[in-house]
Amino acid sequence: PVVQVSSIGILWNLARRDEENKATIGLFDGAAAMLGAMKNHANHQAIIENACGCLWVLACRSEPNKACIFESGGLKVLAHVMNKYKHVASIQEHVAGVFWNMCWQNADRRVAVRNVGAIPLVIAAMKKHVKRVGVAEQCAGALWNASLDQENRTAVLNAGGIDAVLDTMEQHELMPQICEHSIGCLWLLSMEDVGALAIVNSRGV
């Protein structure tokens with residue numbers, strides 16, 4: 001495991017440094033390799049943390065890598081990890097970031113994110129780690145993108161998403177990106193009658 005922790009960490013660093021590196025890692029099925037490591041070492045927190053971080057970077061602005069994660073069953077693996085490691089803020093941040101990227105401009109993947117139970121997990125992470133800037137930003141972004149789907153909006157509302165988003169905005173009122181993502185999410189939720197009413201009743205106006 002020590003070798004794998006270090007190896008995955010190296011790939012994560014390389015992917016963060018350069019778009020070409022990220023593409024090269026993708027060509028060698030790097031995303032699938034991360035998911036494999038997560039399955040084989042589900043109880044090794046350091047491997048999980050590095051692999052989630054690497055997937056987060058690989059999924060950012062890379063359609064081939066997002067397709068690989070999706071086709072390899074990665075959403076289900078990530079949801080399992082998010083549920084298992086609820087207490088680890090960095091893992092929650094990275095997985096939420098992957099979900100955010102996976103929901104971007106892709107209706108099928110937005111549905112898949114809902115189907116693996118990711119929406120209540122993201123909301124739970126927002127509540128548990130409300131003071132963590134990274135968690136707040138990635139979770140708010142994930143909910144914003146996910147809420148472009150009508151059924152996802154219902155799922156967000158049913159999981160107490162409005163209170164979680166409003167609490168996040170209050171906690172990070174001086175962080176423009178977090179507020180932007182949160183307001184974007186509330187805007188979409190307000191398209192539903194029940195969502196608009198809930199926002200009014202939850203100090204959102």
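How do α4 and α7 run relative to each other, roughly parallel or roughly perpendicular? I looked up this pair before anything else.

**Basis.** I am working on a predicted model, where local features need pLDDT of at least 70, side-chain atom pairs count only at pLDDT 80 or more, and totals for chains, interfaces and linings use all residues. I number residues from 1 along each chain as its sequence is written, and side-chain values use heavy atoms, with hydrogens and water left out.

**α4 and α7.** I take helices as DSSP runs (H or I, at least four residues; strands are E, at least two), numbered from the N terminus. I found that the axes of α4 (residues 45–59) and α7 (residues 89–103) come within 8 Å and cross at roughly 30 degrees. The two helices are therefore roughly parallel to each other. The cut-offs are under 35 degrees for roughly parallel, over 145 for roughly antiparallel, 65 to 115 for roughly perpendicular, and oblique for the rest. Axes are lines fitted to C-alpha atoms, for helices over the stretch in contact, with angles from 0 to 180 degrees between N-to-C directions. The crossing of α4 past α7 is left-handed, meaning that the near helix is turned anticlockwise from the far one by less than a right angle (clockwise would be right-handed).

I then listed the contact (heavy atoms within 4.5 Å). From α4 it takes Q45, I48, E49, C52, G53, L55, W56 and A59, and from α7 S90, I91, E93, H94, V95, G97, V98 and N101. By class I get eight nonpolar, six polar and two charged residues. Nonpolar here is Ala, Val, Leu, Ile, Met, Phe, Trp, Tyr, Cys and Pro; charged is Asp, Glu, Lys and Arg; the others, Gly among them, are polar.

**α5 and α7.** I checked a further pair involving α7. The axes of α5 and α7 come within 10 Å and cross at roughly 110 degrees, which makes α5 roughly perpendicular to α7. K66, I69 and F70 of α5 meet V98, N101 and M102 of α7. The classes in this contact are four nonpolar, one polar and one charged.

**α2.** Which residues of α2 are buried? I use under 20% relative accessible area for buried, over 50% for exposed, and partly exposed in between (1.4 Å probe, protein chains only). I find K22, I25 and G26 buried. They cover an arc of only 100 degrees around the axis, so they sit on the same side of α2; the arc is that of the directions from the helix axis to the C-beta atoms. E20 and L27 are exposed on the other side. The cover over the buried residues includes α1 (2–17), α3, α4 and α5.

I looked up N50, which lies in α4. N50 is buried, at a relative accessible area of 15%. Leaving out residues up to four places away in sequence, N50 touches V5, I8, G9 and W12.

I looked up A125 in α9 (residues 118–128). A125 counts as buried because its relative accessibility is 2%. The C-alpha atoms of A125 and C139 are 7.5 Å apart, at 14 residues along the chain.

**Positive phi.** Most residues other than glycine have a negative phi. I noted D29, not a glycine, with a positive phi of about 55 degrees. D29 is in the loop between α2 (19–27) and α3 (30–40) and is partly exposed at 46%. I also noted R61, with phi near 60 degrees, in the loop between α4 and α5 (63–71). R61 is exposed, at 66%.
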